[in-house]
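Hello,

Here is the structure we talked about handing over. Please open it next to this email; my notes follow it.

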Amino acid sequence: MAVCARLCGVGPARGCRRRGAQQKGTAGDSSEPDTDPEEGGGGGGGCGEAAAAEDDDAAEERIEGAALAESSPRGRAPLSLLDLPPELLVQIFGSLPGTDLPNLALVCSAFRRILRTDTIWRRRCKEEYGVCENLRKLEITGVSCRDVYAKRINPRVKSGRFMKILPDYEHMEYRDVYTCLLHRYRHILGLWQPDIGPYGGLLNVVVDGLFIIGWMYLPPHDPHVDDPMRVKPLFRIHLMERKSATVECMYGHKGPHSGHIQIVKKDEFSTKCNQTDHHRMSGGRQEEFRTWLREEWGRTLEDIFHEHMQELILMKFIYTSQYDNCLTYRRIYLPPWSAIDLIKPGLFKGTYGSHGLEIVMLSFHGKKAKGTKITGDPNIPAGQQTVEIDLAHPIQLPDIENLSNFSELSRIVLEVQEQVRREQQQEEEGGLEKEHQPQAQEEEEEQPQPGPSQQEAGRGAEGPATEEGAMAQGSPPASCPFVLPGGIASRNEDYPRTCRACFYGTGLIAGHGFTSPERTPGVFVLFDDDRFGFIWLELQSFSLYSRIKDSFQNADAPSQEAFDEMLKNIQLLTS
């Protein structure tokens with residue numbers, strides 16, 4: 001603020017008046033700082049209060065613009081910001097972050113009047129939050145944007161049914177959109193995991209036009225793992241009138257209704273429905289279950305012949321129905337990406353037998369890769385690490401004739417498992433020996449020892465080059481034929497018939513209620529950049545994973561440490 005004061009030629013009240021009196025063609029209060037405590041005191045609380053002033057906007061702005069133009073003598077460079085034309089100040093102020101504009105409005109009354117220009121706030125809405133709609137053209141477009149938004153929220157609703165509850169854009173200003181909607185709810189933008197017991201979920205909160213909408217991402221119907229994700233709105237926030245944001249629950253089939261959002265703490269918020277009767281259907285719980293089953297599984301209960309699968313489906317419906325009026329969400333990040341990673345990390349859809357399709361996050365941690373469940377089931381809940389891949393132990397699959405033999409594959413995997421166990425044991429013993437070594441011996445080992453030349457060391461380093469090392473360097477090995485061994489169950493028979501590489505890994509299995517969890521050996525199969533699989537030896541089953549290709553904004557982890565902390569926190573919630 002002090003810098004702005006010097007630039008515009010204002011300072012302490014007395015000095016400012018003296019300087020204003022010396023200027024030629026002064027217009028009165030155009031360069032005089034605002035000393036009215038009622039006008040200046042409320043500016044720091046929010047952008048809307050800081051930019052508020054008298055009601056006769058049009059007349060004063062014309063007078064102020066003329067005064068500013070007269071105060072800049074022709075033929076000389078401007079001495080302060082107030083000597084610049086108002087339209088140039090609008091461009092300058094529009095390039096500043098929106099959070100800095102309230103302090104700028106406190107400098108003087110001239111700045112405060114300029115900051116009423118809606119062009120400034122429109123630019124901030126577009127550059128900071130991606131809002132591209134033009135409030136002034138919504139009423140003259142060929143198709144009413146109100147109808148477009150009604151269809152976008154609920155495509156099955158006839159045009160105009162919900163028009164009466166949509167905002168009156170004609171009398172709205174971008175300053176109100178920025179301060180009362182976008183800036184106020186900026187902390188809930190991004191990816192979130194709802195706390196729905198073992199089932200979890202994936203919520204993406206985005207700025208969608210002149211709304212903030214929470215979209216729930218659902219896997220495609222089992223077993224079509226390559227199909228795109230399904231989305232449905234859970235809530236939306238918009239301005240019903242100036243300076244008043246409205247939260248609406250979108251759950252149910254009766255249209256938007258009153259809701260509430262509370263930011264509990266950093267990286268956590270909760271939603272509440274104030275009209276849960278909108279969630280109920282006239283046919284009672286049976287109609288609600290049939291409708292949910294068609295949306296969740298794409299079939300009816302009569303189409304599901306497996307009794308155990310019917311029990312799991314009914315259990316999920318009963319459990320998740322308890323959370324239709326109040327939910328808590330915790331922030332999740334997309335994993336950081338490094339050029340040395342085997343493939344690009346991210347979110348994948350995977351098959352999990354009778355539990356259907358679930359969402360898994362693949363991340364890389366040095367010589368390890370982890371698959372963490374974002375959605376889960378009663379056996380392995382959301383947040384748990386479903387698979388772990390040991391990139392230091394590639395597996396050479398037998399030829400295609402022997403690969404179809406499950407016993408041969410099992411023998412190879414168990415041999416690698418024993419090798420990993422011995423290496424871990426040696427590392428533990430080596431660590432204990434090093435801790436008990438005498439100090440003298442440690443100092444002796446620290447002395448430089450004659451060794452091989454750099455050329456020999458380079459050859460030695462190149463010698464044990466592994467398959468994953470070559471892939472990390474950007475030169476993946478050629479694809480080789482792949483077929484599932486006999487006796488391995490797979491929900492999707494349309495899996496790739498070639499693979500790039502295979503690695504030893506472990507998968508997490510447990511009883512119902514996450515009882516007696518244990519890690520069992522398996523094989524991680526990399527098919528291409530967007531698909532991989534995992535063979536569960538003990539379960540004799542195969543899971544196929546396909547990348548979620550939707551783009552997510554405000555979801556990148558600020559650092560590797562923040563991502564690791566996030567993984568730890570969501571795992572502790574269900575441990």
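**Notes on the model**

Setting aside neighbours within four places in sequence, L182 is in contact with C125, Y129, V131, V177, V207 and I212; contact means heavy atoms within 4.5 Å. L182 sits in helix 11. Helices (H or I, at least four residues) and strands (E, at least two) are DSSP runs, numbered from the N terminus. L182 is buried, at 2% relative accessible area. Buried means under 20% relative accessible area, exposed over 50%, and partly exposed in between, with a 1.4 Å probe and protein chains only. L182 and L210 lie 28 residues apart in sequence and 9.1 Å apart in space, C-alpha to C-alpha.

Before going on, the ground rules. This is a predicted model, with residues numbered from 1 along each chain as its sequence is written. Local features need pLDDT of at least 70, side-chain atom pairs count only at pLDDT 80 or more, totals for chains, interfaces and linings use all residues, and side-chain values use heavy atoms, with hydrogens and water left out.

**Helix 11**

Helix 11 covers residues 174–182, and nine of the nine are buried, so it is largely enclosed by the rest of the structure. The buried residues are Y174, R175, D176, V177, Y178, T179, C180, L181 and L182. R175 and D176 are both on that list.

**The chain overall**

The chain has 19 helices and 19 strands. Of its 575 residues, 46% count as buried. Take the contacts with a separation of 6 or more: residues 24 or more positions apart account for 60% of them. The accessible surface comes to about 29500 Å², and 50% of it belongs to carbon and sulfur atoms. Areas come from the Shrake-Rupley method with a 1.4 Å probe; for residues, only the protein chains shown count as cover.

**Cysteines**

C502 is buried, at 2% relative accessible area.

C273 is in strand 7 (residues 268–273). Is C273 buried or exposed? At 6% relative accessibility, C273 counts as buried. Leaving out neighbours within four places in sequence, C273 is in contact with C249, H257, S258, G259, H279, D324 and N325. C273 and C326 are 53 residues apart in sequence, yet 6.4 Å apart in space, C-alpha to C-alpha. C326 counts as partly exposed, at 40% relative accessibility.

**The second largest pocket**

This pocket has a volume of about 480 Å³. There are 23 lining residues, and the closest to its centre are Y352, G353, H355, L539 and S541. Which elements give two or more residues to the lining? They are helix 13 (307–321), strand 14 (489–490), strand 16 (501–511) and strand 19 (541–547). The lining divides into 10 nonpolar, 10 polar and three charged residues.

The cut-offs for your own comparison:

- A 1 Å grid is set over the protein atoms alone; a cavity is a set of points where a 1.4 Å probe fits but cannot get out.
- A pocket is an open set with protein on both sides within 12 Å along at least five of seven lines, and lining residues have an atom within 4 Å of a point.
- Grid points are joined across faces, edges and corners, and a volume is the space filled by probe spheres set on the points.
- Ala, Val, Leu, Ile, Met, Phe, Trp, Tyr, Cys and Pro count as nonpolar, Asp, Glu, Lys and Arg as charged, and the others, Gly among them, as polar.

**Backbone points to check**

A cis peptide bond joins D222 and P223, with omega about 5°. P223 is in the loop between strand 3 (211–218) and strand 4 (230–241).

F514 is not a glycine, but has a positive phi of about 55°. F514 is in the loop between strand 16 and strand 17 (515–526). F514 is buried, at 18% relative accessible area.

Q540 is not a glycine either, and has a positive phi of about 50°. Q540 lies in the loop between strand 18 (531–536) and strand 19. Q540 is partly exposed, at 35% relative accessible area.

Best wishes
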